[in-house]
Amino acid sequence: MTGAIRVGVGGWTYEPWRGVFYPEGLAQKRELEFASRALSSIEINGTYYSTFKPDSWRKWRDETPDGFVFSVKASRYCTNRKVLSEGGESFNRFLSQGLTELGDKLGPINWQFMGTKKFDPEDFEGFLKLLPPEKDGLRLRHALEVRNPTFATEQFHDLARKYGAAIVYAVDDEEPTWPCIDEETSDFRYARLMSSREDEANGMTAAELDAIAARARGWAKRGDVFAYFISGAKVRNPAAAQALIENLA
């Protein structure tokens, strides 16, 4: 069986999208409603910086259609630490804020690490042990976004497999030192595509989008896929996501 391929962007509040992605005159309070019907997933980025009340999570759930899925960026207080394995309290605070109110619209959690964070096998395994497999009866799927070249090692891949965590496939042409890891370590895949360009109406050429679609189809043979156009020429990211969705149809 092939998995579902969900495609989207990071966040939904971005002023330059108004009149480009969002129709002129659309009320800001309806932007999530609109975006969730044009895309199949969105990565919630605000959770990296702050927590939200359960009412907010319920509101997001209720404004989006059946089948739509959010991914959630984990708090920086969990990942921007000298000793990762000592972050239990931060983990609990992040996971207990109400994200399970999303119900079946809760997708993976993206644990993003700064480029200065080097791979320490013992400490990183301690971190992975803190990742709970479920919360409030919902399965939690964990994705690891690493940005230091020391993670480009089989030891890291093996640790991710041991704990069933996906390694984020991250592509950023402006950050050539970041490891671009395409490894199957879980039953789902997570991609962050950060190379859109403003001089392309769809952010990328048709050939580039074809290549991404082919890669996503290959991943989907083994499970669900979550792909997000992030950063790059951010104003073009919704168009890139829509073009990829059309390509995959």
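**Aromatic residues and their surroundings**

Analyst: Tryptophan 17 and tyrosine 22 are both buried. Please note that this is a predicted model.

User: How many aromatic pairs does the structure hold?

Analyst: There are 28 aromatic pairs in the structure. In one of them, the ring centres of tryptophan 17 and tyrosine 22 are 6.4 Å apart and the ring planes are at 65 degrees, so this pair is edge-to-face.

User: Why does an angle come into it as well as a distance?

Analyst: A pair of aromatic rings is described by both the distance between the centres and the angle of the planes. For the edge-to-face class, the planes must be over 60 degrees apart.

User: And which lysine lies over the face of tryptophan 17?

Analyst: That is lysine 234, at 5.9 Å from the ring centre. In another such arrangement, lysine 73 lies over the face of tyrosine 48, at 4.5 Å from the ring centre.

User: Which residues form the aromatic cluster?

Analyst: One aromatic cluster is formed by Phe91, Phe94, Trp111, Phe113, Phe119, Phe124, Phe127, Phe151 and Phe156. Phe91 and Phe94 are also among the buried residues of helix α4, which covers residues 88–95.

User: What are the other buried ones in α4?

Analyst: Ser90 and Leu95 are buried there too. Seen down the axis of α4, the buried residues fall within an arc of 120 degrees, so they line one face of the helix. On the other side of α4, Glu89 and Asn92 are exposed.

User: What covers that buried face?

Analyst: The covering elements include β3 (69–73), α3 (76–79), β4 (106–112), α5 (121–129) and β5 (134–135).

User: Changing topic: is strand β1 mostly buried or exposed?

Analyst: Five of the six residues of β1 (residues 5–10) are buried, so the strand is largely enclosed by the rest of the structure.

User: Which strands does β1 pair with?

Analyst: With β11 (residues 224–229), β1 pairs in the parallel sense over five bridges, and arginine 6 has phenylalanine 226 as its bridge partner there. With β2 (residues 41–44), the pairing is also parallel, over three bridges. Here glycine 8 stands opposite serine 41.

User: What unit do β1, α1 and β2 make?

Analyst: Together with helix α1 (residues 31–38), the strands β1 and β2 make a right-handed β-α-β unit.

User: Which residues of α1 are buried?

Analyst: They are Glu31, Leu32, Ala35 and Ser36. These residues cover an arc of only 120 degrees around the axis, which puts them on the same side of α1. Their cover includes β2, α2 (54–63) and β3.

Definitions and conventions:
Residues numbered from 1 in each chain as written. Predicted model: local features only at pLDDT ≥ 70, side-chain atom pairs only at ≥ 80, totals over all residues. Heavy atoms only, no water. Buried < 20%, exposed > 50% of the residue type's maximum accessible area, 1.4 Å probe, protein only. Helix = DSSP H or I, 4+ residues; strand = E, 2+ residues; numbered from the N terminus. Pairing = 2+ DSSP bridges. Right-handed = clockwise from strand over helix to strand, strands pointing away. Arc of directions from axis to C-beta. Contact = heavy atoms within 4.5 Å. Phe/Tyr/Trp six-rings, centres within 6.5 Å; stacked < 30°, edge-to-face > 60°. Lys NZ or Arg CZ within 6 Å of the ring centre and 35° of its normal.
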